[in-house]
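Please open the structure in your viewer and keep the selection panel at hand, as this tour goes from one selection to the next.

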Amino acid sequence: MTTLANYLLVSGLLFSIGMAGVLLRRSILIIFMGLELMLNAANLSLVAFSRFHPVNGLPNYNAQVLVFFIITVAAAEVAVGLAIIVALYRAKRTTHVEDLDTLKF
Amino acid sequence: MSTLTAPWIILFTPLAAAVLILFFGRLSKPLSSSLAIASALVGCVLSWWLFLQPDPAGAIRFYWLDFGSMLRVPFGMTVDHLSKVMLVVVTTIATLVFTYSLGYMKTEEGYWRYFAGLALFLFSMLGIVLADNFVMMFIFWELVGLSSYILIGHYYSKDSAADAGKQAFIVNRVGDFGFLLGILFLWAATGTVVFTELTKAIPLLKETPVYLTIACVLVFCGTIGKSAQLPLHVWLPNSMEGPTPVSSLLHAATMVAAGVYMLARIFPILEAAPDALTVIAWIGGLTCFAAALMATQQNDIKRILAYSTISQLGYMVLGIGVAKTADVPMFHLFTHACFKCLLFLCAGSVIVGMHHEQDIWKMGGLKNKMPITFLAMWAGALALSGCPGFSGYFSKDLIIEWAVVNQPFLGWLAVATAGLTAFYTFRLIFVVFLGGPRGSHAMQAHESPLVMLIPLICLAIPSILAGWPPIQKIFFHVGEPPSVPHLLHILLPALFLAGLGGAVLLYCRKVEKDPVYIPLFANRLYIDDAYGWLVKNVQDGGALALSWTDRWIVDGLVVQVPRIATWACGFVLRFLQIGNIQAYAFFFGAGAVGLLYFLLFR
Amino acid sequence: MQLALFWVFAILMLMSGLGVVFFRNPVSSAMSLVMAFVALAAVFVTLDAFFIAVVQVMVYAGAVLVLFLFIIMLLDLRAEARRPVNLLAWAGGGLVVSGFLAALVKVVVSDPAFQIAKPALSNPQINDVAMIGLALFHNFNLPFQIIGVLLLAATVGVVVLSKKELK
């Protein structure tokens with residue numbers, strides 16, 4: 001019997017894995033992938049809440065609409081982010097995050 | 001025309017003239033002078049008319065500042081015997097001096113400025129005379145100081161004139177500080193500033209004699225400043241930088257006498273504090289003697305007369321301190337105004353004739369070239385030195401008698417001063433008019449025009465006659481003190497002759513420079529140098545110390561410390577902007593997790 | 001059965017996530033990411049969110065990941081060289097992650113509100129496409145339109161950003 005706690009735990013673990021990726025990897029593309037993982041973890045917890053707190057015998061579809069929006073926005077964000085990475089690569093010839101440090105004092 | 005409205009007209013006509021001259025004077029010279037002379041003449045005629053009327057019963061008074069029972073400052077006129085006499089003196093002399101100025105200032109610069117200043121001065125002086133309360137008098141007191149500043153600095157392009165104006169104003173301010181404190185003391189004790197009400201409150205004041213004495217001495221400080229008594233006399237000789245008619249009107253006859261007039265006005269209050277009267281007498285006596293000493297060694301014709309004025313003012317202040325009624329020093333004020341003004345106008349006549357040369361050792365032999373001036377000067381000199389029969393004899397010797405009776409040391413000091421007065425006065429006449437010409441200016445000297453001579457003659461008459469008992473009784477009610485030493489009646493004329501003789505011996509022959517040289521007197525008892533030292537070292541030193549404090553302590557604390565603190569904070573926080581994305585992400589994550597903990601587990 | 005399926009796909013998803021983070025070759029990371037997305041879609045199915053599961057596969061696995069792979073190929077990324085391990089960074093990152101995880105575990109395990117079982121649905125065969133469509137176009141029409149504008153803006157932005165410098 002799966003409980004809400006299970007789903008939330010899984011979601012949390014996924015989120016942590018994504019955050020670890022953001023904080024610890026050096027390639028900017030991998031960092032971006034970690035970001036996507038975090039977004040997906042949030043989506044999972046939203047859907048879990050939607051299913052476990054139904055309204056009139058049906059899942060709470062407002063949450064699922066939100067998930068829909070999140071997916072859409074995440075897609076747009078990925079597109080723009082990757083375009084930025086491409087432009088950055090053209091300027092700097094590197095994707096190593098430690099070399100991208102000119103915005104400092 | 002009633003006695004209630006006449007004072008208002010007398011007071012405000014000169015102000016109207018001053019305003020009109022200010023706006024329209026530059027258009028035509030005759031306009032400025034005629035407006036000024038007309039206002040003085042109106043005042044003169046009305047003052048004489050007012051003098052002959054009985055005192056008005058009521059008073060026109062409106063309350064200018066009204067703070068309820070705490071303080072009510074009225075603006076009103078006081079018309080009693082004292083102010084009527086003073087009005088006559090001020091307006092008559094003003095009219096004569098204004099007329100004289102027509103001739104004196106004909107070729108001088110700033111013609112309309114001069115007459116506007118004189119009209120303003122007349123307004124202010126009349127305000128002092130007519131004021132019925134301390135605050136109004138103080139306001140006009142300051143206005144008189146302002147007019148004096150404007151007129152002394154008339155030739156403003158000359159540094160010495162500008163500095164003299166500043167010195168006059170500032171030294172007067174020092175005295176006025178004490179004056180204002182005295183007014184506040186009296187107001188605090190009685191709740192009023194009106195003279196008549198203060199007089200009624202004297203029994204109340206007498207209950208705290210120390211307080212009353214201090215208040216009276218503080219009020220007297222105003223006189224020390226305005227009437228050039230001993231510590232604060234330094235401005236009067238320097239005020240001679242102004243045009244000579246100004247010196248004669250302001251710094252001989254009227255403005256400097258305002259101090260004495262004020263003391264006469266509050267004489268009932270002073271009488272209730274005998275210690276204050278002692279202080280006043282001492283300062284007056286010492287001033288009179290010291291100034292006479294200084295006058296014997298001066299070489300500028302106007303400065304001799306200036307020190308003489310200080311000395312005679314000392315007599316008047318001494319008179320306030322020793323006499324039974326205020327009419328005794330006021331009598332001397334009256335005669336002094338006539339003969340000192342006459343002497344100054346004669347000096348002005350000489351100066352104009354000498355093409356504005358003022359050193360007496362460059363003059364000489366003028367008696368043939370300026371006969372009328374010579375004769376008028378003799379009249380004034382005889383009056384000043386107390387020649388029996390002339391006005392000065394009656395008034396000055398009355399004060400000396402009272403002083404000898406009530407304050408013997410000061411009295412005999414005043415007696416000695418009488419001899420010195422005769423000496424330096426005749427020194428002046430002999431060096432200037434007798435002997436031979438000592439320079440080219442002296443050889444080409446000429447008599448002054450009629451417009452300047454007529455006031456001289458007009459003033460010579462009262463200089464001679466004003467002291468005679470029949471005339472004196474019209475204006476003043478004076479009495480001799482009881483038990484005057486008979487010695488005095490012989491000693492005073494003898495000293496007059498001794499002074500005259502001494503001057504004849506030393507100066508009647510042909511001398512090129514002063515045979516007597518006493519550095520102490522010539523350098524004015526080094527008092528000016530003392531003030532200079534004081535300002536330079538004490539005041540400037542204090543200013544330097546304060547400036548140092550401001551720059552290093554205040555500025556350092558208030559400005560530098562925040563500056564350094566801000567810079568330090570900025571310096572530290574800059575290290576967070578390192579450009580490393582993952583570092584930023586780390587801070588972000590750490591902050592979020594921290595917030596989470598804070599929200600969950602608080 | 002459902003329980004086993006949930007755990008299988010959950011473990012798969014987590015393993016793939018770890019793979020994303022720890023593979024050195026970017027293409028391997030991308031493949032792990034695909035695996036994670038698909039496993040997540042399966043977990044969605046166990047939650048009766050069929051439409052969302054399909055959208056997840058279509059958009060994420062179908063579009064986002066393709067984009068990732070294109071960029072990897074465009075930039076010609078090789079396997080990352082081993083750089084010396086920055087102990088401080090690893091410590092910091094590890095601290096943040098473990099802190100978060102600890103907080104989450106504590107909350108989820110202790111709060112009884114989270115220990116509920118899956119409530120029953122009125123109709124086991126729900127038409128959730130229609131329901132989502134109804135909710136979307138009835139209640140959330142304005143945000144829907146705005147999302148359209150957002151996508152347009154994103155497109156324009158991407159085109160502008162990827163232009164080569166005009167010589």
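Predicted model: local features only at pLDDT ≥ 70, side-chain atom pairs only at ≥ 80, totals over all residues.

Residues are numbered from 1 along each chain as its sequence is written, and chains are lettered from A and ligands numbered from 1 in the order in which they are written.

Begin in chain B by selecting helix H11 (residues 244–253) and helix H16 (residues 327–353), whose axes come within 9 Å and cross at roughly 160°; helices here are DSSP runs of H or I with at least four residues, numbered from the N terminus, and axes are lines fitted to C-alpha atoms over the stretch in contact, with angles from 0 to 180 degrees between N-to-C directions. H11(B) and H16(B) are therefore roughly antiparallel to each other, a term for angles over 145 degrees.

Next, select Asn56(A), which sits in the loop between helix H2 (28–52) and helix H3 (61–92) of chain A. Its phi is near 55°, a positive value in a residue other than glycine. Asn56(A) is exposed, with 6 other C-beta atoms within 10 Å, where exposed stands for 12 or fewer such atoms, with C-beta atoms placed from the backbone.

Finally, move to Asp76(C), in the loop between helix H3 (50–75) and helix H4 (87–110) of chain C. Asp76(C) is not a glycine, although its phi is positive at about 55°. How many other C-beta atoms lie within 10 Å of Asp76(C)? There are 7, and Asp76(C) is exposed.

Technical notes:
Helix = DSSP H or I, 4+ residues; strand = E, 2+ residues; numbered from the N terminus. Parallel < 35°, antiparallel > 145°, perpendicular 65-115°, else oblique. Buried ≥ 20, exposed ≤ 12 C-beta atoms within 10 Å, placed from the backbone.
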